[in-house]
Amino acid sequence: IEEVNTALGYFLNAEFGRANEAIREKSDLGYPYHNTGKSFLLFIRTLFTFDPEDILTTLAQLDHTIALASKIVNGQKPSIYQRLSYFVRYRPDESGDAAAHLDRLTAHCQLIIAELSLIRAILLIATDDHESWMLMVRQSLHIRSSYNFYTKSLTSPYMEDPNFSSAILLGNGVFNLMLPLLPPKVMQTFAFFGYRGNTSLGLEQ
């Protein structure tokens, strides 16, 4: 996680080459958070360019990372690199129960899926030149899934983990701040799927 934060710092300072290099090796090895960082960097770049090739590259990376996290959530055996990426970060409980760390890994991977499903839906809606109603409905359902995860995770036992809780609070804050700012027509569509915004609560989060 620290390496991903370092890469983001490079990116925000316009050191794009160093940002990519900071996460390239471990993202290639299948580390979930490094692939998430790579997805975010590509997403941010695509928002600036809206280049068709950048859009396709970003969507492919998002799909790859979501699939990687889904394998862990669905109980498929993680690779040694995925296991090490968390076991070197978190020490075993006093009871010595290593399963607690796999639970933590699953929780973080569920968070990754929610985050990336959200930005994937935003990217598809923002780049839809045909204003397809079906695409809007389909992606709204993905957004709803992410929204439900963020709201339900506010009571998760993993909120004691600062890396997890900061992402959950940020996600809830973004939803609460973003929704009231949407155009009325778009807001009506989102309200149909159960989205409600709260600006004051979003600022607190």
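A pocket here is an open set of points on a 1 Å grid over the protein atoms alone, where a 1.4 Å probe fits and protein lies on both sides within 12 Å along at least five of seven lines; its lining residues have an atom within 4 Å of a point. With that in hand, the largest pocket is lined by 24 residues. This is a predicted model, so local features need pLDDT of at least 70 and side-chain atom pairs count only at pLDDT 80 or more, while totals for chains, interfaces and linings use all residues. Residues are numbered from 1 along each chain as its sequence is written, and side-chain values use heavy atoms, with hydrogens and water left out.

**The chain as a whole**

- The chain has 10 helices and zero strands, where helices (H or I, at least four residues) and strands (E, at least two) are DSSP runs numbered from the N terminus.
- Of its 205 residues, 40% count as buried; that means under 20% relative accessible area, with exposed being over 50% and partly exposed in between (1.4 Å probe, protein chains only).
- Take the contacts (heavy atoms within 4.5 Å) between residues at least 6 apart in sequence: 59% of them join residues at least 24 apart.

**The largest pocket**

- Its volume is about 720 Å³, counted as the space filled by probe spheres set on the grid points, which are joined across faces, edges and corners.
- Leu-8, Phe-40, Glu-115, Ala-167 and Leu-170 are the lining residues nearest the pocket's centre.
- Two or more lining residues come from each of α1 (2–12), α3 (32–49), α6 (99–126) and α8 (162–178).

**Helix α7**

- Helix α7 covers residues 133–152, so 20 residues, and reaches 28 Å from first C-alpha to last, close to the 28 Å expected at 1.5 Å a residue (1.5 Å times one less than the number of residues).
- Its buried residues are Leu-135, Met-136, Gln-139, Ser-140, Ile-143, Ser-146, Tyr-147, Phe-149 and Tyr-150.
- As a general point, an α-helix has 3.6 residues a turn, so residues three or four places apart point the same way.
- Gln-139 sits in α7 and is buried because its relative accessible area is 4%.
- Setting aside neighbours within four places in sequence, Gln-139 is in contact with Arg-120, Ala-121, Leu-124 and Ile-125.

**Aromatic pairs**

- A search of the whole structure turns up three aromatic pairs.
- In one of them, Phe-149 and Tyr-150 have ring centres 6.2 Å apart and planes at 65°, so the pair is edge-to-face.
- For the cut-offs, rings of Phe, Tyr and Trp (its six-membered ring) pair if their centres lie within 6.5 Å; planes under 30 degrees apart are stacked, over 60 edge-to-face and the rest tilted.
- Both Phe-149 and Tyr-150 are buried.

**Single residues worth a look**

- His-108 is in helix α6 and counts as buried because its relative accessible area is 0%.
- His-108 and Phe-164 are 56 residues apart in sequence, yet 6.9 Å apart in space, C-alpha to C-alpha.
- Ala-14, in the loop between α1 and α2 (16–28), has a phi near 65°, a positive value in a residue other than glycine.
- Phe-50 is in the loop between α3 and α4 (52–73), and its phi, near 50°, is a positive value in a residue other than glycine.
- Phe-50 counts as partly exposed because its relative accessibility is 39%.
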